Amino acid sequence: MIRTESLTFRYAHSHEDVLKKISLQIGKGEFVAIIGASGSGKSTLCLTFNGIIPHSIRGDFSGKVVVCGMETHLFPVYDLSEKVGIILQNPESQLFAMSVEEELAFGPENLAVPRTEIERRIEEALRTVRIQDRNAFPGALSGGEKQRVAIAALLTLKPDILVLDEPTSQLDPHGKLEIYSLLSELNRQGMTIVVVEHETEYLAEFAQKVALIDQGSLVGFDRKEKILKDTGLLSLIGVRIPDIVEFTARLKERGYLPTICLNEAEVPALRIEVKTGFKRRHAPQREEMVKFQNVTFRYPESEHVALKDVTLSIGKSERVAIVGENGSGKTTLVKHVNNLLRPTEGEVFVNGEDIKGKTTAQMAHRVGFVFQNPEHQIFADTVFEEVAFGLRNLGMGEKEIGERVESVLTRTRLAKYKETHPFFLSGGEKQRLALASVLVCEPDILILDEPTTGLDLKSAREIVDLVMKLNAEGRTIILVTHDMKLVGEIAERIIVMKEGVIAVDGAPEEIFSDDELLKRCYLEKPPITRLAEKMGLGICLTVKDALERIK
Amino acid sequence: MIQYTMFLRRKSFFHALDPRTKLAFTFVMFSVAMMYKDIRVLLLIFLLNVLVLLLLCRISIGIILKRTRPLLPLLFMSVALWPFFDTTGRILFSWRFLHIATGGILLGGAMAFRILTVFLSTYILLFTTEQKDLVSGFVKLGMGYEYGLTIAIAFRYIPTIAGVAFTIMDAQKARGLELERGSLFEKIKKYIPILTPLIISSIKMSSELAIAIESRSFGKGKRTTLHELTMGAKDYFTLVLSILFLAFFVKARYF
């Protein structure tokens, strides 16, 4: 279906090849995953499959890509798009019509398909992706629905191959699962699927083959069992090892298991001695840092109550994760801590003081808020100026600004980029820059909204380490996330939101032992948690937790 | 998400019309309103538009009032200022060099009705026509499809870009940016940290959008459309009536 022969590509105005002599062959009906660290060339590879590279994005292209017998550099994109459909990360930028129906009609209309046939294809595609309202405005759908509509809009072109570049990176766990179930269903019907994915957990379950890319070169392409179990190779390249693989690899080292396993089902019944009396360190009594007193919030001109009578207390240097499905009120809740939103009813106290009369800017030196996408706040010409912004807003003198910025840049390991334009930083570095530019105001409370989304293993690791260090210095951490692994690594307390109220508030052990509650709040139990429970290790959210409990 | 459209979903005579017919209707109302200065004619056309909105578009009087309220300052100015400039007719009141006469009062009223008619006839079009139909109407009337698509995409992304702008404002406020304080010049300067990321995000989004559009076979050449616009009996009826209406008023005014 897809064959590349020593495919090499260099973007115009770049000095380095992004793809280096890649030769691979993808067969009909295969489900192939492409993995690799950030910047390894995965997305670029995807764009060569339907001819966007070299036709629309220019550069030095050599070697060839053959799709369904067509050499891509010889055919225009509109002809190739009948064979290969491509989905990008951000659903928002792929849905440009005013209604679902129009979105789905766009492709076949361009191919001058007769009207009755277009209608038939729309019907079929909508049924496949399970979207009912064809008049809906695509911009108003949930993330998972948007991505399903984007897929349906390709299905109406009747392609043989779907290529998806991190299709679920911006979705909640519920949406992710929706997309992967849909993809495996399409795959069962004979569609060839190629997907770039950070979260190897999903690949362990859904993919058949895995291509491993490192700095533009193909370093491995084989059945997923082969690649995903090669823990040495994966960690060398900086790709996340699926939890179960990592866990069973460590058990194998200790002689408990003969082989590494890919999923729960493969793990045989084991006799493992469990440390008894294992208890997580108990949180000491702390002074109160944030307090919500009967807070209710309604967005202006909306009937919908986003927060309903929330009362809450967070102690100094606590690490709290706020979880729950999209629209449950997580972000609305944390935006009240620095007055980005003000309660319709009730009061919010920070460090014992009612913050009612304060502006968000006045809260900046007490509450740091790192938004999900660092690109939504970076504006300055140099890293130094970007970080200095917060202090300039506080009206601080140049000398002190200089000192404080230097110190923050050292702590976030960005000192060497001081005079660099932020544009040239990698994703992980941008995220650290966003963190630095908030930290420079020395806030006591740090709110992080999905701080590791889209980051590769190494960058994510650095963020987690930094957050833990900041916490050890006495800062309160409030984390908003869907990523249960991240919750396990950082949080000592979880607040689960559901429909604007706190559904439950407790230690991770309590929450993840209540199956009924998890289901009600659309929370997914991570595979490692399920396995550890089965093995009698109790509730563990990370591989580290699970290993600690084995004697 | 807020959608920036004025379209109101109803089942009405006007909703069912072809967008081209509605464009013609609005054009006729517009033209007649512009031709006349006579308050009687303008009042008549204004009332006609209100009746069309109420009966043929099924738009409630509440919505009409709500949408015309922003025009009040303009209407007030028209009624209050014209009398100072037009002093024809019977003088009602004089003070030094100021004369208020019947002609000016009538003209002020006429201009107020003209403003109202121009807006109401546009509302008739926008309340009853979806943006996509409006764009296909323009394309049918000879505008290139590429331009039509561009306009449609611009409408589509207003709420998206607005959402990004709000997020950016929140992020910068959280870093101590006070948007409300300072002189006008300072305020303008304060929007740099908001506009820069907004422009960069928009450019990034548009380059992804270009890839998405191209990946869906755009540019192959001749295309079909799922919903062909077709003129029905109702359309021809409305069209003929509109043209007669225009002809009558043109004749009455100029011949």
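Q: What makes A:Asp222 in S10(A) the partner of A:Val210?
A: A bridge does: the bridge partner of A:Val210 in S10(A) is A:Asp222. Strands here are DSSP E runs of at least two residues and helices are H or I runs of at least four, numbered from the N terminus. This is a predicted model, where local features need pLDDT of at least 70, side-chain atom pairs count only at pLDDT 80 or more, and totals for chains, interfaces and linings use all residues. Residues are numbered from 1 along each chain as its sequence is written, with chains lettered from A and ligands numbered from 1 in the order in which they are written.

Q: How do you know that S9 (residues 209-214) of chain A and S10(A) pair?
A: Pairing takes at least two DSSP bridges between two strands. S9(A) and S10(A) have six bridges, in the antiparallel sense, so they count as paired.

Q: Why are S6 (84-87) and S10 (217-223) of chain A said to stand at the edges?
A: The open sheet runs S6-S7-S8-S3-S9-S10, with mixed pairing. S6(A) and S10(A) each have a single partner strand, so one side of each lacks a neighbour in the sheet.

Q: Why are H2(B) and H5(B) called roughly parallel?
A: Angles, from 0 to 180 degrees, are taken between N-to-C directions of axes fitted to C-alpha atoms, for helices over the stretch in contact. Under 35 degrees counts as roughly parallel, over 145 as roughly antiparallel, 65 to 115 as roughly perpendicular, and the rest as oblique. H2 (residues 39-56) and H5 (residues 102-128) of chain B pack at about 25°, with axes 8 Å apart, and are therefore roughly parallel to each other.
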